[in-house]
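Welcome to a guided tour for your viewer.

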Amino acid sequence: MKRMNKFLGWISCLMMAVTLVACGGDDASDDGGGGGGSALNVTNPVVSAVTSSSAQVSATATGAGITSRGVVYSTSANPTINDTKVTGTSANMTITLASLQASTTYHVRAYAQTSATVKYSDDVTFTTAATTTSDLDSWTAPTYNDDYRSIAAWSQRAKWNLANVHDPSVMKAEDGYYYMYQTDASYGNAHEAGGHFHCRRSTDLVNWEYLGGTMPSAPSWVKDKLNEIRNKQGLDPIANPQYGFWAPCVRKVKNGLYRMYYSIVVDNYIKTGKANTTANFDNSWTERAFIGMMETSDPGSNNWQDKGFVICSSSDKGKDGWTRSNANNWDGYFYFNAIDPTFVITPEGQHWLIYGSWHSGFAAVQLNPETGKTITELGDPWASSAAGLAENGYGKRIWTRTDGSRWQGSEAPEIVYHDGYYYLFMAYDGLDVPYNTRIARSQTIDGTYTGQETVLTHPYKFANSQGWVGIAHCAVFDDGQGNYFYASQQRFPTTAGGNAPNAVMLGGVRSIQWLSNGWPVVMPERYAAVPKVAITADEIAGTWEHIDLGYKYGEMKESSTMTFAADGTITDGVWKGGKWSFNATTNTLTANGVELKVQRECDWEASPRKHTLVYAGLNGAKSYWGKKK
């Protein structure tokens, strides 16, 4: 019926002798909204200044009642506002499209939107240029200092870029920006001046603009819900709870709707309600955590509306099993710890919340897509068994590091769907030094998750640097064009010098590549938008720094040299005597029988910084990183 309506509209347009350009715009724009479209005029875009990674698009969008105007683009024909959208600020628009892929054909349309309809221009195509060695010659490495302690203060926040990042969550929005949100943590607690769940944004994943807190203060429902539960337990209310604000997860639900799931931890003892201090210890566990949800239609405004309670920590020890013999007893009261949420929309359109940390593992609970809350009404947050908790609506356990343990070093689940599998990224061990990233996968969102528990990131050190530790609790996201990224904090080791070096929390964005067996690898050097000039086998030959990321608790894995000779042999290093070959079509280096993905990245340890080649691969539970010297 829609196609017939469009056909009749086209015939009517010809009969009325309206220009073909106007007819084309109407024909391409019908979204079923009805009304208002005829008052809009959208010209076909004119594309100019096309490079290997950007283009300028000019168009005009006029008419009554316009709520949004701009351009939309995709690698598929006739893009809509459900694809990548960049808004304009005036009727006569000149918009720059950035972070494009080289040698790629794009489709672009201008649009104008009212409350009733969307009108599009005709589909115009352009092809980005191929990258060349001249692109590498003109590329400029990032210049910001990794040691940001001199600008860590709140008054210096405009200079932060990726300084003071902890437990990031990243998404790409309709306006073309990547938005990053995080746990309340910073060097010297500078963030405390500006609210909670702080935000920054970027168009290129390299340069970030700091936007500030998204939540001015703790919402009142947290205290109300806490004391409602305490009343059911026969406990006195807590007048002034001590809060911690942890690990948000932000996703685009659909155009005009974004949701943030966040954690608020109550740091008071259950028995007396007193603040968690050694002097106040009362032989009980500390109180539960809560996950709430906020929504916005425009993340660029940094204005979010709180939607309240979603779920809380729950126990399989009944409502009064919270006694703790001493402060060194780690047999936790809570079975599911309501922190570290991740939100997943399946290809079938189901919405799921995955959450949990340290206690008994991770839980999966299905959500109502309309409300963002649990699809079934929650019962009491306690039962006499894990099965009872599932019956009460608190979810099914989908992962545990150590079955039977109530205090295990695994946290921060992050799930992404790719080519038929749900990949579960998670953080292991303490965040100060030993933090590392593991992975498992499942063909269904709620498990069973299996796999090699491969170490994807680990404390490491290339030559000429102090190295990095604390690399985990990641965000995994894509750019809408099939390119995936990993973002996390990374810290200086305690040996780096100066005041509190291990409290330096710098954000690190790294590219993800996918091996032929489907598993991902995280590239060793941070992403810096190095032009993707074709790599040749001749460039592989030479000396590399090689790191074996086999797991060692609390130790930094240091690089050693490896030499790939031009004749395809490995003449020096731990794989000496092996052979290598390179597939330039897939950028795959096979060395000593190990599949390694190769790409151009920034050599952050060089002075001055420069572009180089890096590789990442895995073999069993062990990953390998490399960088050409």
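Before the first stop, a word on names: helices and strands here are DSSP runs, a helix (H or I) having at least four residues and a strand (E) at least two, and they are numbered from the N terminus. Also keep in mind that you are looking at a predicted model.

**Stop 1: two cis peptide bonds**

Select T448, in the loop between strand 24 (436–442) and strand 25 (460–461). Now move to P608, in the loop between strand 36 and strand 37 (610–619). Here S607 and P608 are joined by a cis peptide bond as well, with omega about 0°. Most peptide bonds are trans, and most residues other than glycine have a negative phi.

**Stop 2: positive phi**

That brings us to N161, which is not a glycine but has a positive phi of about 55°. Look for N161 in the loop between helix 3 (133–138) and strand 10. Is N161 buried or exposed? N161 is buried, with a relative accessible area of 11%.

Next, select D340, another residue other than glycine with a positive phi, near 55°. D340 sits in the loop between strand 17 and strand 18 (342–345), and its relative accessibility of 5% makes it buried.

**Stop 3: a hairpin and a buried lysine**

Show strand 10 (residues 169–172) and strand 11 (residues 178–181), which pair in the antiparallel sense over four bridges. Five residues lie between the two strands of this hairpin, and G176 has a positive phi near 90°. Look along strand 10: S169 and M171 point one way, V170 and K172 point the other way, and all of them are buried.

Stay with K172, whose bridge partner in strand 11 is Y178. Why does K172 count as buried? Its relative accessibility is 17%, and buried means under 20%, so K172 falls on the buried side of the cut-off. Leaving out residues up to four places away in sequence, K172 touches several residues, including Y73, T84, K252 and D478. Its side chain also reaches the backbone oxygen of D479 at 3.4 Å.

**Stop 4: helix 4 and what covers it**

Select residues 220–232 to see helix 4, with 13 residues. From its first C-alpha to its last, helix 4 reaches 19 Å, close to the 18 Å expected at 1.5 Å a residue. Colour W221, V222, L226, N227, I229 and R230, which are buried residues of helix 4. Just after helix 4, find G234, with a positive phi of about 75°.

**Stop 5**

In soluble globular proteins, nonpolar side chains tend to be buried together. The largest nonpolar core in this model has 49 residues, and Y181, Y261, F290, I291, I311, L353 and Y355 touch the most other members. Strand 15 (residues 257–266) supplies the largest share of this core, with eight residues. Zoom in on I311: leaving aside neighbours within four places in sequence, its contacts include F290, I291, L353, Y355 and Y394. A second, separate core has 39 residues, among them M505, V522, M523 and W625.

**Stop 6**

Show the open sheet of four strands, in the order 26-27-28-29, with antiparallel pairing. Strand 26 (475–478) and strand 29 (520–522) are its edge strands, each pairing on one side only. Select F477 and you will find F485 of strand 27 opposite.

Another open sheet has eight strands, in the order 33-32-30-38-37-36-35-34, again with antiparallel pairing. Its edges are strand 33 (570–572) and strand 34 (580–583). Within this sheet, four bridges join strand 35 (residues 588–591) to strand 36 (residues 594–603), and T590 has E595 as its bridge partner.

**Last stop: a buried glutamate**

Select E525, in the loop between strand 29 and helix 6 (537–540). E525 is buried, with a relative accessible area of 1%. A polar atom of its side chain lies 3.2 Å from the backbone nitrogen of W604. Leaving out residues up to four places away in sequence, E525 also touches Y460, R510, D603 and K627, among others.

Terms used. Residues are numbered from 1 along each chain as its sequence is written. This is a predicted model: local features need pLDDT of at least 70, side-chain atom pairs count only at pLDDT 80 or more; totals for chains, interfaces and linings use all residues. Side-chain values use heavy atoms; hydrogens and water are left out. A nonpolar core is a set of buried Ala, Val, Leu, Ile, Met, Phe, Trp, Tyr and Cys residues joined through side-chain atoms within 4.5 Å. Buried means under 20% relative accessible area, exposed over 50%, partly exposed in between (1.4 Å probe, protein chains only). Contact means heavy atoms within 4.5 Å. Two strands pair if DSSP finds at least two bridges between them. The expected span of a helix is 1.5 Å times one less than its number of residues. A polar contact is a pair of N or O atoms within 3.5 Å; within protein, one must be able to donate a hydrogen and the other to accept it, and residues adjacent in sequence count only if both atoms are side-chain atoms.
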